[in-house]
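Reader: Please pick one part of this model and take me through it closely. I want distances, angles and the cut-offs behind each term.

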Amino acid sequence: SSLEMAELAVAYKNRGVEVMSINVGESAKKAGDYVTKNGYAFTTLIDEDRSVSTKYRINGIPTLVVIDKAGNVSDYLVGARDDVALRAALKKAGVK
């Protein structure tokens with residue numbers, strides 16, 4: 001969920017991890033209002049026309065795509081995940 005991602009963004013900010021969310025199919029205003037309301041400090045990108053989600057073959061929301069330092073997709077998790085699963089995905093990508 002966005003809450004777990006916000007917590008990871010804080011916990012891993014000094015370990016080279018960049019957390020970004022992509023809002024799919026909504027306007028920038030609607031997405032911005034949601035981010036502001038919840039106080040999320042990570043970057044939120046807008047995919048109003050669904051072109052990014054199509055390229056990454058996103059079929060369910062939320063989907064977590066972990067990209068390692070070399071730019072390769074290290075993990076691809078569909079559905080809500082707990083903190084343990086998220087941290088394991090980062091470890092798999094080489095984050096210490």
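Author: Start with the β-α-β unit. E1, H2 and E2 make this unit, and it is right-handed (with the strands pointing away from the viewer, the path from the first strand over the helix to the second runs clockwise). Helices (H or I, at least four residues) and strands (E, at least two) are DSSP runs, numbered from the N terminus. The model is predicted: local features need pLDDT of at least 70 and side-chain atom pairs 80 or more, while totals for chains, interfaces and linings use all residues. Residues are numbered from 1 along each chain as its sequence is written, and side-chain values use heavy atoms, without hydrogens or water.

Now the strands. E1 and E2 run parallel, joined by 5 bridges (strands pair if DSSP finds at least two bridges between them). Ser-21 stands opposite Thr-44, a residue of E2.

Next, the aromatic rings. The structure holds 2 aromatic pairs (ring centres of Phe, Tyr or the six-membered ring of Trp within 6.5 Å; planes under 30 degrees apart are stacked, over 60 edge-to-face, the rest tilted). Tyr-34 and Tyr-40 make a tilted pair, because their planes stand at 55°, with the centres 6.1 Å apart. Tyr-40 also pairs with Phe-42, and this pair is stacked: the centres are 5.3 Å apart and the planes make 20°. Together, Tyr-34, Tyr-40 and Phe-42 form one aromatic cluster.

Tyr-40 is buried at 15%. Phe-42 is buried too, at 8%.

The unit also takes part in the largest pocket. Its lining draws two or more residues from each of helix H1 (2-11), strand E1 (20-24), helix H2 (28-38), strand E2 (43-47), helix H3 (51-55), strand E3 (63-67) and helix H4 (83-92). The lining counts 44 residues, and nearest the centre lie Met-20, Ser-21, Ile-22, Thr-63 and Leu-64. On a 1 Å grid over the protein atoms alone, a pocket is an open set of points where a 1.4 Å probe fits, with protein on both sides within 12 Å along at least five of seven lines; lining residues have an atom within 4 Å of a point.

Past E2, check the backbone. Most residues other than glycine have a negative phi, and most peptide bonds are trans. Arg-50 has a positive phi of about 65° although it is not a glycine. Arg-50 sits in the loop between E2 and H3 and is partly exposed, with 42% relative accessibility. Arg-57, also not a glycine, has a positive phi of about 55°. The loop between H3 and E3 holds Arg-57, which is exposed at 64%. Pro-62 belongs to the loop between H3 and E3. A cis peptide bond joins Ile-61 to Pro-62, with omega about 5°.

Ser-74 lies in strand E4 (residues 73-78) and is buried at 15%. From Ser-74 to Ser-21 is 53 residues in sequence and 17 Å in space, C-alpha to C-alpha. From Ser-74 to Gly-94 is 20 residues in sequence and 9.1 Å in space, C-alpha to C-alpha. Gly-94 lies in the segment after H4 and is partly exposed at 46%.

Methods
Buried < 20%, exposed > 50% of the residue type's maximum accessible area, 1.4 Å probe, protein only.
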